[in-house]
Amino acid sequence: MTNSRSVLDDRADVLRERAVKRLKKRRDLYTHLLVFTLVNAFIVAIWAVTGQGFFWPIFPMVGWGIGLAMNAWDVFRDEDFDEEQIQREIRRIEHHR
């Protein structure tokens, strides 16, 4: 009986660790989004105050936006793999030995 309880405890610990990791990633993403918004608002304000003209802030916004999108993808993608994906990867590893 203790052995099955230990397995359940281990599973609960693994799930807790995964949940904490996902929550930290989500919190970091929201911090990244806030900094992105504040910095780019400041850059646009500089552009507006200095006579406008060509909207050059688009360059840092797009570049940084790509990084932010990749950060969001990392946070919200599904981390679980199905058995078919695992078996395919095992075959690739065996093939390259």
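## Helices and salt bridges in a predicted model

Read along the sequence, the protein follows the pattern α-α-α, where helices (H or I, at least four residues) and strands (E, at least two) are DSSP runs numbered from the N terminus. This is a predicted model, in which local features need pLDDT of at least 70, side-chain atom pairs count only at pLDDT 80 or more, and totals for chains, interfaces and linings use all residues. Residues are numbered from 1 along each chain as its sequence is written, and side-chain values use heavy atoms, with hydrogens and water left out.

User: How many helices and how many strands does the protein have?

Analyst: The order of elements along the sequence is α-α-α. The secondary structure therefore comes, by the DSSP runs, to three helices and zero strands.

User: What is the radius of gyration of the protein, and why is the protein described as more spread out than a compact globule?

Analyst: The radius of gyration is taken over C-alpha atoms, and the globule rule is 2.2 Å times the number of residues to the power 0.38. For 97 residues that rule gives 13 Å, and the protein lies well over this value, so it is more spread out than a compact globule. The C-alpha atoms fill a box of roughly 75 × 40 × 20 Å along the principal axes. The radius of gyration is 22 Å.

User: What percentage of the residues of the protein count as buried?

Analyst: Buried means under 20% relative accessible area, exposed over 50%, and partly exposed in between, with a 1.4 Å probe and protein chains only. Of the 97 residues of the protein, the share that counts as buried is 10%.

User: Which residue meets Arg-18 in a salt bridge?

Analyst: A salt bridge is a side-chain nitrogen of Lys or Arg within 4 Å of a carboxyl oxygen of Asp or Glu, and here the N to O distance is 2.6 Å. Arg-18 lies in helix 1 (residues 2–49) and its partner in the loop between helix 2 (58–76) and helix 3 (83–95), so the pair ties together parts that are 62 residues apart in sequence. Arg-18 is partly exposed at 32% relative accessible area, and the partner, also partly exposed at 41%, is Asp-80.

User: Is Lys-25, which forms a salt bridge with Asp-74, buried or exposed?

Analyst: The closest N and O atoms of Lys-25 and Asp-74 are 3.3 Å apart. Lys-25 lies in helix 1 and Asp-74 in helix 2, so the pair ties together parts that are 49 residues apart in sequence. Asp-74 is partly exposed at 23% relative accessibility, whereas Lys-25, with a relative accessible area of 17%, is buried.

User: Which residue is linked with Lys-25 and Asp-74 in a network of salt bridges?

Analyst: A search of the whole structure finds five salt bridges, among them the pair Lys-25 and Asp-74. The network that links these two residues also includes Arg-77.

User: Which residue forms a salt bridge with Glu-84?

Analyst: Glu-84 is exposed, with a relative accessible area of 54%, and the closest N and O atoms of the pair are 3.4 Å apart. Both residues lie in helix 3, four residues apart, about one turn of the helix. The partner, partly exposed at 34% relative accessibility, is Arg-88.

User: What value is phi of Gln-52 near?

Analyst: Most residues other than glycine have a negative phi. Gln-52 is found in the loop between helix 1 and helix 2 and is partly exposed, with a relative accessible area of 46%. Its phi is positive, near 60°.
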